[in-house]
Amino acid sequence: MVMPQILVAAAAALALLAQSDDAPAPTDTDLQSVDVPAATEPAAPAEPAKPAKPFSLARTGVDRKGKSPYAADMRLAAPPKVYVIPIEGQMGTDIHGEINGKPGIYEKVIADVREQKPDILVFRINSGDDRNPDKYMEAVRAQMKEDKIDPRRLASGLTEYRDLALRLRTELGDYPAVAYVQEARGVASLFALAWPYMYVSPEGRIAGLDIVGSLGGGNDADIRAKMFGAWTGIAKGVLELGGHENSLTDALVRPDRVLSCDIDGRSTRWRNDTGGDWYVVDQSMEQSARFNAKVAEETGLADGIANDMDDLMALLGYPEFEQVATGEKIFTDYSALWRKRYDECKKMLDDFREPMEDGRDLPKRKQLLEKIRSMAKQYPPLARTLEWRFGLTDDQMAVILEQLNEQIKDYQRQRRNSGGSGGGGGGGGGGRGPMGPGPGR
Amino acid sequence: MTTRAALVISLALGLVPAAPALAQASGQQQVKLASGTWWGSVGDRVELTIKDQLSTRTLQGIVRKIDAQKGLVTVEVTVDGKTSQRPMFASSIVSMKTLGPEDAGAPASPKDKGAVTTIGGGSKGADPAAKSPRGVASGKTDKEGWPLDENGFRMSDKTPVFVLPWVGPVGQTARNEEMDAIAAEADKWGPGQIIVLDIDSPGGLVTEIFEISASLGEIRKRHRVVAWVREAISAAACTSMHCDEIYFRTVGSLGASTMIAGANTVYGPQLDAFKDEIGSVIEKNGRPRMVFDAMVLAKDVLTYTKDPVTGKVTWHDKVTGQPGEVVLSDEKDNLVFTASTALDSGFSKGTADTEAELGKLLGLDDWFEPVNPGEKQPYGRKLAANWKKLFEDCEKDIDLQINILQGAPKSDPIEQTSAEIRTIERILQWERRCKPCTDSKGIDRERLEKMLKDARKRLVDLRRAQQR
């Protein structure tokens, strides 16, 4: 909900006022037996009168889970230190958790947050697989038909993303945080909804979680129900981090649920029917609910629409703030680095695939593959990309290397048998390139 | 495990005495409270909070009688200088905490009034006797250096928690063997210990659930077993429902226990046996059978309503249309709980994302996982990590060996046969070290041994031929 500038300024000013809204702590008498006569208890010292909470036009988030990032709740004495954590790029590679038991890049970010000690965290979400934002699932289905895409690659990392979201929430739970959604399509929507406080950019969208349901399948109705229930249950678990109602999470992950809402003040009550008196978000039984910025704001799914970081911070009540750039640097440096290594790997793979002129090329091939394998071990997103693009896993590389070792040994043996004349002419015997006369000759 | 053996075990499970109170070998008993569980025995000095109509009161006294059948606990309390014995329904007791043995004297006022349950009175700030789970120190230590009490049980000034990460496919990395092992470790601290199964499993072999059921049935006679759910799908959901208490992580999901063989749902007598046997154990654990049924087949419906005044939950196996009814699973769905639906319906006791949060829900002041001297991590965590690593190493190496074996043959037949022998021997070694892994790969020991015998004979023949 867009707030007039004057209210923002008022909110910011009011945020600096001292407030005291702590609930009184329960006294000992609250928990004592009613059998004990009150008169026998020493009178509790009178509590000093607490100043009443000043009236505030500023937005607050005291009714929600998690620490509120709003100025009115934080009451900072100086402009806040704001740390941006990017959740950007491709799901599974740029945005990843633990891959093959190796910690993801966010472990470094978490450590850096603790070092920097910011006042507020901004999780900036921007991921969309480059598909048409309005018709995400249609685009996915079309590509699936053409065998261009495997939905499992889009969403099979669901448990990995769940664990990453939970880790970010628990490890950084002491910091007030807000999600800023620039784009969230497909599985990335999970992250958009994993924080209770969320703003969306004017062009931002939250859509395409029906991809989760497409992970199901099975030979009969009960297996399909089992798989569908299991996958959607896991996805709904992530949305619970954001404190969203079950009727909303159901509609977001299940194509067969419709969604509307009633609004009471600033509270939204979601309904899985089309009877909501405020807004019907989704009336299709074929696709799950989708939100653009306008609908997200008007239904209260998002706290508001923010044009950029300055606007976001102003809406939170901070006319001034200090942005810590280290988190973005860690993330973007790593993304750039593994992508650079990926380009190198592609070139090496091209070289590897070149036809061999001679058995003497075998050690060179082995070296190339060893180098690719070593890089993949160093950069888990690279390993995953090699698997997705070329079907090349670490196990397969291990097997190919083993086979190359055997071929090298064979070649050396053949050379010895032929008097060490080198790998030039001959051909035939080895069956794998011009390796000189084979033992059977 | 064969189906027949599984049936025998599961039938035997039917003989296990039911909750709410289970007699303990040591004299300790389990009492299911309105919220949480209390372990203790007659003669314990306790502090308990009772919900009576609209009021809540806290009393201290000495337990004089525990009637498991009627769910009654009789406590001797002194009010206004008068001592009387008051029988109370366990279901009306909100929390109950052991302060020490009867003769330990009146303890200091406990600080944690919000605590639900404390095992063995390990309350920080209580008197020295209450700090120790077993009371009096014997002055002796065991071979690992832990101080022992007069009963020979390990002692600490904190209440220990034994965590077993139960991760991965059931029957593979998540097994009953590790449950038995951590229970044996907890036994060293005496009965009534808290064992937390930290569950993150997509399920697995249904047959395994019978072994798990048998193990947990035995362990729960001695200890308080808690499921802490990140993911408990299929057989892992059944496992969770075998525990005394279930807690969720915020992202937790639990359900979808359809029985599958190959790529199809199992119907008929096998399914009936599974539903009857596992369903009855779950029901005896205090969970409605219809909850389990709705996880097994899509057609089974589950809804609940809550009394607006008391908050009491009533489960329904059909949509009733009552006001406020929550439909958890309709006739097309398989029931899967999330943290919020589980908590709202009372299926879970609480939601915790960290050990500290779980500790509070369990009634603990501190989260204390004992680490044996010379070890870097607690027993259960090390146990699970070691088994998982062994399983993964086995899986990876067998794939590698099979791929190598199926790769291009060596030009020298003697070398080729020798390589085959080495590979088979290696796989057989894995079969001895990590059978669940080799089983999951469909490796048949007898067949491999025959292949090995043939390969060895072939090698001898080849060498003889070469010598000629």
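User: Before we look at anything else, what counts as a salt bridge here?

Analyst: Happy to start there. A salt bridge is a side-chain nitrogen of Lys or Arg within 4 Å of a carboxyl oxygen of Asp or Glu. By that rule the structure holds 63 salt bridges over all chains. Please keep in mind that this is a predicted model.

User: Thanks. Could we meet the two chains? How many helices and strands does chain A have?

Analyst: Chain A has 15 helices and 11 strands, while chain B has 13 helices and 21 strands. Of the 441 residues in chain A, 51% are buried. In chain B, buried residues make up 53% of 468.

User: Now the place where the chains meet. How do I read the size of an interface?

Analyst: The general idea is that size is often given as the accessible area lost when the parts come together. Here, the area buried between chain B and chain A is about 3700 Å², with carbon and sulfur atoms giving 52% of it. In residue terms, 49 residues of chain B are in contact with 42 residues of chain A.

User: How many salt bridges and polar contacts cross that interface?

Analyst: The rule finds 8 salt bridges between chain B and chain A. It also finds 18 residue pairs in polar contact across the interface, both residues being at pLDDT 80 or more.

User: Which elements of chain B supply the side that touches chain A?

Analyst: Those giving two or more residues include strand 4 (55–67), strand 13 (224–233), strand 14 (245–255) and helix 8 (339–345) of chain B. Helix 10 of chain B gives the largest share, 5 residues.

User: Can you show me a salt bridge between the chains, and tell me which residues form it?

Analyst: B:Glu415 and A:Arg413 meet through their side chains, at 2.9 Å from N to O. Salt bridges can also be linked to one another: A:Arg162, A:Asp163, B:Asp200, B:Arg230 and B:Glu231 form such a network.

User: What about salt bridges inside one chain? Is A:Asp262 buried or exposed?

Analyst: A:Asp262 pairs with A:Arg269, their closest N and O atoms being 2.7 Å apart. For burial, look at the relative accessible area: under 20% is buried, over 50% is exposed, and partly exposed is in between. A:Asp262 has 11%, so this residue is buried. A:Arg269 is partly exposed because its value is 47%. In another pair, A:Arg271 bridges to A:Asp273, with 2.9 Å between the closest N and O atoms. A:Asp273 has a value of 30% and is therefore partly exposed.

User: And in chain B, where do B:Lys450 and B:Asp454 lie?

Analyst: Both lie in helix 13 (residues 445–467) of chain B, 4 residues apart, which is about one turn of the helix. B:Lys450 is exposed, with a relative accessible area of 53%, whereas B:Asp454 is partly exposed at 38%.

User: Last one: how do I read the surroundings of a single residue? Which residues does A:Arg169 contact, beyond its neighbours within four places in sequence?

Analyst: Begin with its element and burial. A:Arg169 is found in helix 6 (residues 158–171) of chain A, and counts as buried because its relative accessibility is 17%. Leaving those sequence neighbours aside, A:Arg169 is in contact with A:Ala194, A:Trp195, A:Pro196, A:Leu241 and A:Gly242. A:Pro196 is 27 residues from A:Arg169 in sequence, and their C-alpha atoms are 11 Å apart. Finally, a polar atom of the A:Arg169 side chain lies 2.4 Å from the backbone oxygen of A:Leu241.

Terms used:
Residues are numbered from 1 along each chain as its sequence is written. Chains are lettered from A and ligands numbered from 1 in the order in which they are written. This is a predicted model: local features need pLDDT of at least 70, side-chain atom pairs count only at pLDDT 80 or more; totals for chains, interfaces and linings use all residues. Side-chain values use heavy atoms; hydrogens and water are left out. Contact means heavy atoms within 4.5 Å. Buried area is the accessible area (1.4 Å probe) that two parts lose on being put together, summed over both. A polar contact is a pair of N or O atoms within 3.5 Å; within protein, one must be able to donate a hydrogen and the other to accept it, and residues adjacent in sequence count only if both atoms are side-chain atoms. Buried means under 20% relative accessible area, exposed over 50%, partly exposed in between (1.4 Å probe, protein chains only).
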